[in-house]
Amino acid sequence: MANELSHEERFEAILAADQKIEPRDWMPEAYRKTMIRQISQHAHSEVIGQQPEGNWITRAPTLRRKAILMAKVQDEAGHGLYLYSAAETLGIARDELNELLHSGRQKYSSIFNYPTLSWADMGAIGWLVDGAAITNQVMLTRTSYGPYSRAMIRVCKEESFHQRQGYEIMIALANGTPAQHEMAQDALNRFWWPSISMFGPPDDQSPNTEQSMAWKIKLETNDALRQRFIDMTVPQAEFLGLTIPDPDLKWNEETKHYDFGDIDWDDFWQVVKGNGPCNRERMAHKQKAWDDGAWVREAAMAHASKQHDRTLAATA
Amino acid sequence: MSYEVPLIEGETEAELKGTAGGYPLWEVFVRASRGLNHVHVGSVHASDVDTALQNARDVYTRRSEGVSLWVVPSAAISASEPHDQDAWFDSPKAYRHPTFYEIPEAIGHM
């Protein structure tokens, strides 16, 4: 018991000193489980997040845009892999993480359950979805678990290109023909509310926030991050000459922040629970890719084992 | 992109089996430029050393982050114990540092 206590005290002391918890450190089981859940859901989100944008690679309007979009989708795959690598340091195997996603026991961010209906959605996703992600991930570079923090630093370095390329698409469309301008507005209309929902439920309905903040996993609340994102984004929409689809959105001179309308949390929960427009399609595609790749994985392992045996035989 | 998905009521908690399986795990080290050490950056899964190197290239050096890569089977790494930290690393021994010694001002920089 005395020993257990000293573990706990040591863990608390590391947190109090704003140092990082590293893989071989003792940590409370609940901390480990929370970290595994958060990092793996983050990883799944990156991986599933390839689908809405991958949808437009073959139809990108120019070769320049196509090369950019391919690089971005490739980055999302890379981000998923950094994160899986971080999750595995907590003692969970990659295959198990895949299994948890495929069986629906772990989720990914609901934002990827909305369809990408036009090219302007590539702009809106980069600008808004990646913009919201950056707001969260910049905070997470200072999170208390070392491997997660390092993965976030790497991700944030790459993510800024994602947002800028998206905003560039929006600038081109917003200043284009009336039809293109309309396309940009339509994309903003569809992605605005899901994007600001990405920060999660409001603080008074987010029971885990307190513990996550005590463990310094999260350093700011959902509502604080959401407000920062909205404050940054409104002037960007104004510059584009586009209208954010919220009649209650207005500058509050007293608080020096934008006030905004109520988020439809019922819709949010419906999508989280699997009833969004694309939940089934995203999971079916992921499962198929995994199943279709089974023979490749088996063949690669058979090849490796054969090579290994040959090396042994040659040195015997 | 991201992230945290709020708990759904009745959500089953993932059980940690910690099972191995699938491709082996490799630790990846990148040399950022000539003259620097290889530094650990993360891990990849791969069936053999050649694909491990290829995967490490694709995952960790998409933006000219390095000029050389090492991959090492994760199982081959031995590590010191976190609880040995104090005994192993926390020995001040100030006299091992130059600032321990007072040099008269007249001598200037030494």
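Colleague: Why does Ser47(B) count as buried?

Modeller: This is a predicted model, and in it Ser47(B) has 9% relative accessibility. Buried means under 20%. The value of 9% falls under that cut-off, so Ser47(B) counts as buried.

Colleague: Where is the place of Ser47(B)?

Modeller: Ser47(B) sits in the loop between S2 and helix H1 (49-60) of chain B. Leaving aside neighbours within four places in sequence, Ser47(B) is in contact with Tyr23(B) and Pro24(B) of chain B, and with Ala300(A), Met301(A) and Ala304(A) of chain A.

Colleague: What makes the link between the side chains of Ser47(B) and Thr51(B) a polar contact?

Modeller: The distance is 3.4 Å. A polar contact needs a pair of N or O atoms within 3.5 Å, one able to donate a hydrogen and the other to accept it. The side chains of Ser47(B) and Thr51(B) make such a contact.

Colleague: Now chain A. How do you know whether Gln51(A) is buried or exposed?

Modeller: Look at the relative accessible area of Gln51(A), which is 15%. Buried means under 20%, exposed over 50%. So Gln51(A) is buried.

Colleague: What does Gln51(A) touch?

Modeller: Gln51(A) lies in helix H3 (residues 50-54) of chain A. Not counting residues up to four places away in sequence, Gln51(A) touches Glu281(A), Arg282(A), His285(A) and Lys286(A). The side chain of Gln51(A) also reaches the backbone oxygen of Arg282(A) at 3.1 Å.

Colleague: Why is helix H5 (residues 94-102) of chain A called largely enclosed by the rest of the structure?

Modeller: Seven of the nine residues of H5(A) are buried, so the helix is largely enclosed. Among them are Arg94(A), Glu96(A), Leu97(A) and His102(A). The buried residues pack against helices H2 (29-48), H4 (63-88) and H12 (279-292) of chain A, together with strand S2 (38-45) of chain B. Just after H5(A), Gly104(A) takes a positive phi of about 80 degrees.

Colleague: How do helix H6 (residues 120-140) and helix H10 (residues 222-240) of chain A cross?

Modeller: Their axes come within 10 Å and cross at roughly 145 degrees. The crossing is right-handed. Residues making the contact include Trp127(A) and Gly131(A) of H6(A), and Arg228(A) and Phe229(A) of H10(A).

Colleague: Which classes of residue has the contact of H6(A) with H10(A)?

Modeller: Nine residues are nonpolar, five polar and one charged. Arg counts as charged, and Arg228(A) is one of the residues in this contact.

Technical notes. Residues numbered from 1 in each chain as written. Chains lettered and ligands numbered in written order. Predicted model: local features only at pLDDT ≥ 70, side-chain atom pairs only at ≥ 80, totals over all residues. Heavy atoms only, no water. Axes fitted to C-alpha atoms, helices over the stretch in contact; angles between N-to-C directions. Helix = DSSP H or I, 4+ residues; strand = E, 2+ residues; numbered from the N terminus. Left-handed = near helix turned anticlockwise from the far one by under 90°. Contact = heavy atoms within 4.5 Å. Buried < 20%, exposed > 50% of the residue type's maximum accessible area, 1.4 Å probe, protein only.
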